[in-house]
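Hi,

Here is the structure I promised to pass on. Have a look at it first, and my notes on what turned up follow below.

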Amino acid sequence: MITHQSPLRVGVAGASYAQGTHLPVYAALAEEGVVELVAVATAHRETADAVAEKFGTRAHVGFEALCADPEVDLVDVATRPSLHREMVLAALAAGKHVLCEAPLAPTVADGEAMLGAVGDRTAVVDMQSRFRPGLAELRRLVRDGFVGRVDNVSVQALYPTFTQPAAVAGSGWCADPRYGASSLRVHGLHTTDLLRWTFGELTDVRGTVATREPEWTGGIPATSVDSAAYTARTADGAVVSVHTSWVARFGAGFRMVVHGSAGMLLAEADGHTGHFPVRLTGARTGDDGPRELVPATGDATAPFAALIRAVAAGDHTDLPTFADGVAALRVAAAVEMPGPVEEGP
């Protein structure tokens, strides 16, 4: 549990992805007194200094210096997955709380090692889609019996992400599986987390994966999984299907439909739910048809800001933990590397 002086003092490891969402959110929340952005760390002095100047904070060269900073309460690890284990373990060993970008780690084994080191610190995975109002309301309604007995859940998460030059330029490392990314472990991982969060543990996970686009814009060779589909069962026996891709050139975005004995719910977004607002519609037996329950509102950074507010307030009600991060990795492993699902501790 976080117990600290107010505001929460944050240090960020990594400045590439973090400049798009994490750092601007911290800067905005600092103006409200929710957090204090203490420092940013990168591997190179010139980069660290430039980012620190931009966001009005101080620079560290290397994550080790950031973890040793006595003025940092929480270390935000915003780097590629292959670097997470070393950085997270260093932060935890230094007594810091940790927010780790998703996916938690490249492998289940790495994730379990990180989970085992948490102790009494707060350790959160940035699976921020939970903080979209439309998805939070879907979960509440399902649990309150809006659809009755849940029978079928279908998700399509088809995005054009890496058909776009800007995305490739910013995150081209996702093309190489050695860094721990795939369509199922990035965008699809958020979907898996939403399913677990809403319906409980997934069982009987079976699926298939493919690399359909072997070269990304700019001549970057791509060998990571770019398309995946799996089926599963919920704890209550409902049938689940998920189909995800980040190279669907005309992908329509996110669509989750829940069918039950007494109604249905439909959540839709124009893109990845971590960055696009979600509209929720629903209908119950006897209704003329679906009606809007939650409009698509909130900008690209709203769910991350909501997550940070919860962390700073010590509200752990809906925070995605390292245990959640490991569970999502187990699902991805069951699909990408068929065989017995790795059991938890």
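Before the strands, one term: two strands pair if DSSP finds at least two bridges between them. Helices (H or I, at least four residues) and strands (E, at least two) are DSSP runs, numbered from the N terminus. Keep in mind that this is a predicted model, where local features need pLDDT of at least 70, side-chain atom pairs count only at pLDDT 80 or more, and totals for chains, interfaces and linings use all residues. Residues are numbered from 1 along each chain as its sequence is written, and side-chain values use heavy atoms, with hydrogens and water left out.

I'd start with S5 (97-101). On one side, S5 pairs with strand S6 (residues 123-126) in the parallel sense, over four bridges, and Glu101 has Asp126 as its bridge partner in S6. Getting from S5 to S6, the chain goes through H5, a right-handed β-α-β crossover (with the strands pointing away from the viewer, the path from the first strand over the helix to the second runs clockwise). S5 also pairs with strand S4 (residues 74-77), again parallel and over four bridges; there, Val75 is bridged to Val98 of S5. The crossover from S4 through H4 to S5 is right-handed too.

How buried is S5? Five of its five residues are buried, so the strand is largely enclosed by the rest of the structure (buried is under 20% relative accessible area, exposed over 50%, partly exposed in between, with a 1.4 Å probe and protein chains only). His97, Leu99 and Glu101 point one way, while Val98 and Cys100 point the other. In a regular strand, side chains alternate between the two faces of the sheet.

A cis peptide bond joins Ala102 to Pro103, with omega about 0°. Most residues other than glycine have a negative phi, and most peptide bonds are trans. Asp204 is partly exposed, at 42% relative accessible area.

Finally, Thr191 in helix H8 is worth a click. Thr191 counts as buried, at 2% relative accessibility. Leaving out residues up to four places away in sequence, Thr191 touches Val155, Ala157, Val242 and Phe254 (contact means heavy atoms within 4.5 Å).

Cheers
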